[in-house]
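Hi,

Here's the structure I promised to pass along.

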Amino acid sequence: MNLDQAYSPDAFRQQGHALIDLLADHLQRAQTGTQPTINYIEPDKALTYWQTDFEQPIQSDPLPLFTDIIERSIHVHNPRFMGHQIAPPLPLSALTGVLTGLLSQGMGVYEMGMTANALERIVTQWLAQKLNLGAEAGGLLTSGGTLANLTALLTARAIVGGTPDSDHNVWQDGTTNRLAIMVSGEAHYCVDRAARIMGLGSAGIIKIPVNERYQMRTELMDDYLKRAKADGLTVFAVVGSACSTSTGSYDDLTAIADFCTRHNLWFHADGAHGGVAALSDTYRHLVQGIDRADSVVIDFHKMMMIPALTTAVLYRRDADAYRTFQQRAQYLWTDADAKDWFNSGKRTFECTKLMMSAKIYAILHTYGERIFTEYIDTVYGLARRFAGQIRNRPTLEVAIEPESNIVCFRHAGDGSHTLAYLNERNAQIRQKLLQDGRFYIVQTTLNGQLWLRVSLMNSFTTDAQLSELLDDITACI
Ligand SMILES: *Cc1c(COP(=O)(O)O)cnc(C)c1O
């Protein structure tokens with residue numbers, strides 16, 4: 001093999017056709033759900049398998065390798081996949097991934113992504129308008145919700161994180177005051193991580209308790225703010241979850257917006273999973289108040305059927321995004337202070353960045369935005385009916401009435417069992433399902449209780465298959 005052969009258009013054409021055939025067959029099999037969702041292998045065994053494979057002589061045909069990778073991966077297109085929050089990607093967005101992979105636009109400066117940067121501008125403004133963020137809204141795409149939340153919190157700190165009596169500039173002077181954020185106890189762990197990366201420490205992450213539906217108890221915020229001030233902390237932002245990860249609960253965003261307006265704080269909405277409810281007439285009420293957020297994060301790879309990772313950070317005032325990083329990189333940008341939307345690297349963590357925008361743009365261009373609404377309505381509706389099915393089973397219980405497509409439930413025993421016993425039994429049920437491999441579900445802990453958890457990410461999952469899952473669980477009990 002030499003470089004000429006490796007770059008051969010003819011070989012690419014032939015291998016490409018073969019790969020698409022392989023993936024189309026895989027998609028067909030996965031969607032009919034006749035095969036396992038996962039062939040679970042212990043980590044050490046998986047590693048040994050691939051180490052042995054790695055030691056083989058090179059093989060000029062990549063197809064057996066591709067086949068092997070497919071077989072040894074979890075199949076998110078199987079309607080019995082209902083585990084973590086990854087959407088089965090639309091085949092068209094996967095094809096766009098091949099396209100953008102070959103074009104490999106760097107994006108950080110305009111010429112390295114002329115189309116990529118223009119499409120990013122269009123899709124972020126489109127989504128910002130769908131959230132009703134107003135005429136000045138805009139945003140950027142970045143690599144995942146975790147990085148997106150950190151980006152938004154850095155913007156918040158740059159803009160409102162100064163002490164009231166000084167012209168404090170964190171970029172210039174570092175963190176000289178004790179800063180803090182307020183967040184629900186049920187927020188995704190990445191918010192806590194972001195705050196610690198920013199140097200806020202444990203004291204700087206003020207966790208507001210949740211109510212019985214796992215929503216932030218917004219009526220407590222004033223007290224917590226007073227206490228923080230008395231402790232010498234400067235709170236600069238509040239993070240609302242739309243929705244939370246464990247139970248899919250939506251915080252009262254209007255109450256948070258009111259609080260932030262009253263105290264001149266940055267309102268960040270973490271809509272990584274459920275922010276897209278804004279696109280549905282049926283479920284828009286869940287995100288009421290999101291239009292008043294200063295920044296919003298939405299993962300396209302969760303509820304918008306795009307392959308991982310693709311995330312939007314949206315700002316009510318697009319210009320705010322230029323204040324996050326005040327980098328001077330003379331070899332990249334001639335005018336470091338210009339608010340030039342087309343040099344995406346000024347506003348993102350990434351220098352070189354994937355051309356994510358094309359995957360979203362291709363979906364909107366080919367199917368229109370209705371496809372997103374149809375998806376949300378389907379999987380959110382499915383979760384509501386699933387909760388009804390669970391309630392009809394005497395040995396099972398639901399944690400809360402689902403607001404999104406996330407449902408937590410468990411084997412509840414007959415009232416005579418201890419907490420430890422029930423936790424153990426539910427963990428065993430989940431382990432048995434994993435080993436069996438037909439269904440893939442996960443688990444979570446709420447107030448010390450272990451719950452089985454599904455995210456109904458697959459729009460082809462049927463009520464009958466959900467009933468079958470409950471049959472399997474009941475049979476384990
Ligand atoms: C998944 C999730 C995140 C993290 O996003 P990644 O894309 O996995 O990094 C953050 N917040 C919420 C509410 C989430 O559900």
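This is a predicted model: local features need pLDDT of at least 70, side-chain atom pairs count only at pLDDT 80 or more; totals for chains, interfaces and linings use all residues.

Let's start with the ligand. In the model, a polar side-chain atom of T245 sits 3.0 Å from an oxygen atom of the ligand. T146 has a polar side-chain atom 2.7 Å from a ligand oxygen, and for D299 the corresponding distance to an oxygen atom of the ligand is 2.9 Å. Of the ligand's 380 Å² of accessible area on its own, the protein covers 89%.

Who else is around it? The shell has 15 residues, and those that come nearest are G145, T146, D270, D299 and K302. Two elements give two or more residues to this shell, α7 (145-160) and α12 (300-303). The biggest share comes from α7, with three residues. Sorted by class, the shell around the ligand holds nine polar, three charged and three nonpolar residues.

Now for the largest pocket. It holds about 650 Å³ of space, and 24 residues line it. If you want to find its centre on screen, look for L23, H26, H77, P89 and A94, which lie nearest to it. Helices α2 (9-32), α4 (63-71) and α5 (91-103) are the elements that each put two or more residues into the lining. As for its make-up, the lining of the largest pocket has 17 nonpolar residues, six polar ones and one charged.

That's what I have for now.

Cheers

Note on methods
Residues are numbered from 1 along each chain as its sequence is written. Side-chain values use heavy atoms; hydrogens and water are left out. A residue is near a molecule or strand if one of its heavy atoms lies within 4 Å of it. A polar contact is a pair of N or O atoms within 3.5 Å; within protein, one must be able to donate a hydrogen and the other to accept it, and residues adjacent in sequence count only if both atoms are side-chain atoms. Accessible areas come from the Shrake-Rupley method with a 1.4 Å probe; for residues, only the protein chains shown count as cover. Helices (H or I, at least four residues) and strands (E, at least two) are DSSP runs, numbered from the N terminus. Ala, Val, Leu, Ile, Met, Phe, Trp, Tyr, Cys and Pro count as nonpolar, Asp, Glu, Lys and Arg as charged, and the others, Gly among them, as polar. On a 1 Å grid over the protein atoms alone, a cavity is a set of points where a 1.4 Å probe fits but cannot get out, and a pocket is an open set with protein on both sides within 12 Å along at least five of seven lines; lining residues have an atom within 4 Å of a point. Grid points are joined across faces, edges and corners, and a volume is the space filled by probe spheres set on the points.
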